[in-house]
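Visitor: I have a model open and would like to go through it with you. Can we start with the overall layout and then move to details?

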Amino acid sequence: MCGQMGSPLRRDLHWLAARLKIGLHGIEERIAARHGMSLWGYTVLVEVVSGPARTQLALAAAVPVDKTKLVAILDELESSALVRRRPDPRDRRARLVDPTDAGREACEAASAEIRAVEDDLLSDLEPGERERFVDALQRIVLTRLEDASGHVPGGQGCP
């Protein structure tokens, strides 16, 4: 019965979300690789590009990712000339992370490809439905799931 469209799994939120995550992970991993970075690298680069220079500690909290893993990700991005680290003038022990021009371009190109995939996946939805769907997912993941589980999901295991 599991292979049939009528399977109870086809209505199970966890099963559906897992299939979506696994599918998108594979697609986005290939897109990120085409632009010279890992999927974690892309995730961090989006945060780096999206705002003013931040310390590595602030980035670790924003993504969220373990500080030691972040160092390896930043090493990857820096060796690919997508970001640069510099001492924080307010605290010489801290390092600020800035995108390079190549980093901005790679992030923009990868983001455009990812948005095109998302547009295709959601193409059966009317524009208003799509916005409500994404808003509902945000509420579920960022509010309701946290309330139900007692923690913010996505921490160390999810780019």
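Visitor: How many helices and strands does the protein have?

Guide: The protein has six helices and three strands. Helices (H or I, at least four residues) and strands (E, at least two) are DSSP runs, numbered from the N terminus. From the N terminus on, the order is α-α-β-α-α-β-β-α-α.

Visitor: Where do the coordinates come from, and what are the ground rules?

Guide: This is a predicted model: local features need pLDDT of at least 70, side-chain atom pairs count only at pLDDT 80 or more, and totals for chains, interfaces and linings use all residues. Residues are numbered from 1 along each chain as its sequence is written, and side-chain values use heavy atoms, with hydrogens and water left out.

Visitor: What box do the C-alpha atoms fill?

Guide: Roughly 60 × 35 × 30 Å, taken along the principal axes.

Visitor: What share of the residues is buried?

Guide: Of the 159 residues, 27% count as buried. Buried means under 20% relative accessible area, exposed over 50%, and partly exposed in between (1.4 Å probe, protein chains only).

Visitor: Which span does UniProt list for a domain?

Guide: The UniProt record, an unreviewed entry, lists residues 6-142 as "domain: HTH marR-type". UniProt positions are given in the numbering used here, feature names are shortened, and annotations may be inferred rather than shown by experiment. In the model, that span is 66% helix and 12% strand, and its end C-alpha atoms lie 30 Å apart.

Visitor: Helix 2 next. Is it mostly covered or mostly exposed?

Guide: Helix 2 is mostly covered, with eight of its eleven residues buried. The buried ones are Leu39, Trp40, Gly41, Tyr42, Thr43, Val44, Leu45 and Val48.

Visitor: At what angle does helix 2 pack with helix 5?

Guide: Helix 2 (residues 39-49) and helix 5 (residues 101-121) pack at about 115°, with their axes 10 Å apart. Axes are lines fitted to C-alpha atoms, for helices over the stretch in contact, and angles run from 0 to 180 degrees between N-to-C directions.

Visitor: Which residues make that contact?

Guide: Helix 2 contributes Tyr42, Leu45, Val46 and Val49, while helix 5 contributes Gly103, Arg104, Cys107, Ala110, Ser111, Ile114 and Arg115. Contact means heavy atoms within 4.5 Å. By class, there are seven nonpolar, two polar and two charged residues. Ala, Val, Leu, Ile, Met, Phe, Trp, Tyr, Cys and Pro count as nonpolar, Asp, Glu, Lys and Arg as charged, and the others, Gly among them, as polar.

Visitor: And alanine 32, buried or exposed?

Guide: Alanine 32 counts as buried, at 1% relative accessibility. Its place is in helix 1 (residues 13-34). Not counting residues up to four places away in sequence, alanine 32 touches Met37, Ser38, Leu39 and Tyr42.

Visitor: Changing topic. How many salt bridges does the structure hold?

Guide: Nine. A salt bridge is a side-chain nitrogen of Lys or Arg within 4 Å of a carboxyl oxygen of Asp or Glu.

Visitor: Which residue does arginine 86 pair with?

Guide: Arginine 86 forms a salt bridge with aspartate 98, with the closest N and O atoms 2.5 Å apart. Arginine 86 lies in strand 2 (residues 83-88) and aspartate 98 in strand 3 (residues 91-99), so the pair ties together parts twelve residues apart in sequence. Aspartate 98 is buried at 13% relative accessibility, whereas arginine 86 is partly exposed at 33%.

Visitor: What about aspartate 119?

Guide: The side chain of aspartate 119 meets that of arginine 130 in a salt bridge (2.4 Å, N to O). Aspartate 119 is in helix 5 and arginine 130 in helix 6 (residues 127-149), so this pair links parts eleven residues apart in sequence.

Visitor: Which residues are linked in a network?

Guide: Asp75, Glu78 and Arg85 are linked in a network of salt bridges.

Visitor: Now the backbone. Which peptide bond is cis?

Guide: The bond from valine 63 to proline 64 is cis, with omega near -25°. Proline 64 lies in the loop between helix 3 (56-62) and helix 4 (67-79).

Visitor: What is the phi of alanine 81?

Guide: Positive, at about 60°, although alanine 81 is not a glycine. Alanine 81 lies in the loop between helix 4 and strand 2, and is partly exposed with a relative accessible area of 42%.
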